[in-house]
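Please open the structure in the viewer and keep the selection tool at hand.

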Amino acid sequence: MSTPTHEAAAGRTYGFTQARDSLKAILDSSERGGLSTIRRPDRTPAAVVNGESLRRYLELTVVADVQVVHEDGAWVVFMPGQPFAAEATDLGEALADFVDALRDYAEDWEDHLHAAPNHRENWALVQLIDLSTDEQLSTWLTGSAA
């Protein structure tokens, strides 16, 4: 195993080659709740953390602000100020369609919307979407997360 370039209170920092040679140690550290940072010259560093811990943190800190309206026999689910919504005659179907809309948005955000000024700040939402199952997203949206 390669020794990290330095250790800090927050975790370990590796160069690219060191990280490749130390992948097992990096993943083991992540599993225990540790943080590893991988740096490449002239690039933004990447962080490797426990995915479930990050998902849970995002679930608790990203505000869903979901609005549900029932009009003319249809349920509409939306987040004010966001470019996605869903509509169906059954509330459960509308929520399931909304989860699909969130997944589509996350895909578009990663592809090109991340650079748009009016979407840039949705990073945490996109990470939450990517780290969550449909059931976890539904629970988060309905506010029934414990």
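Two strands are said to pair if DSSP finds at least two bridges between them. The model on display is a predicted one.

**First stop: a pair of strands**

Select residues 36-39, which form strand β3, together with residues 46-48, which form strand β4. These strands pair in the antiparallel sense, over three bridges. To see one of the pairings, pick Thr37, whose bridge partner in β4 is Ala47. Next, follow the chain from β3 to β4: the two form a hairpin, with six residues between them. In the turn, select Asp42, which has a positive phi of about 60 degrees.

**Second stop: helix α3**

Proceed to residues 51-61, helix α3. At the start of this helix, display the side chain of Asn50: one of its oxygens reaches to within 3.0 Å of the backbone nitrogen of Glu52.

Which residues of α3 are buried? They are Arg55, Leu58 and Glu59. Turn the view to look down the axis of α3; the buried residues fall within an arc of 105 degrees, so they line one face of the helix. An α-helix has 3.6 residues a turn, so residues three or four places apart point the same way. On the other side of α3, select Tyr57 and Leu60, which are exposed.

The largest nonpolar core has 25 residues. To find it, select Met79, Phe84, Phe98, Trp140 and Leu141, the residues with the most contacts inside this core. The elements that give two or more residues to it are β7 (85-88), α4 (91-111), α5 and α6. Of these, α4 gives the most, with nine residues.

Now centre the view on Phe98. Beyond residues up to four places away in sequence, Phe98 touches Val77, Phe78, Met79, Phe84, Ala85, Ala86 and Leu141.

**Last stop: Phe78**

From Phe98, move to Phe78, one of the residues that Phe98 touches. Phe78 lies in strand β6, residues 74-78. How exposed is Phe78? It is partly exposed, with a relative accessible area of 26%. Leaving aside residues up to four places away in sequence, Phe78 touches Asp65, Val66, Gln67, Val69, Phe84, Ala85 and Phe98. To end the tour, select the C-alpha atoms of Phe78 and Gln67: these residues are 11 residues apart along the chain, and the two atoms are separated by 5.4 Å.

Methods:
Residues are numbered from 1 along each chain as its sequence is written. This is a predicted model: local features need pLDDT of at least 70, side-chain atom pairs count only at pLDDT 80 or more; totals for chains, interfaces and linings use all residues. Side-chain values use heavy atoms; hydrogens and water are left out. Helices (H or I, at least four residues) and strands (E, at least two) are DSSP runs, numbered from the N terminus. Buried means under 20% relative accessible area, exposed over 50%, partly exposed in between (1.4 Å probe, protein chains only). Contact means heavy atoms within 4.5 Å. The arc is that of the directions from the helix axis to the C-beta atoms. A polar contact is a pair of N or O atoms within 3.5 Å; within protein, one must be able to donate a hydrogen and the other to accept it, and residues adjacent in sequence count only if both atoms are side-chain atoms. A nonpolar core is a set of buried Ala, Val, Leu, Ile, Met, Phe, Trp, Tyr and Cys residues joined through side-chain atoms within 4.5 Å.
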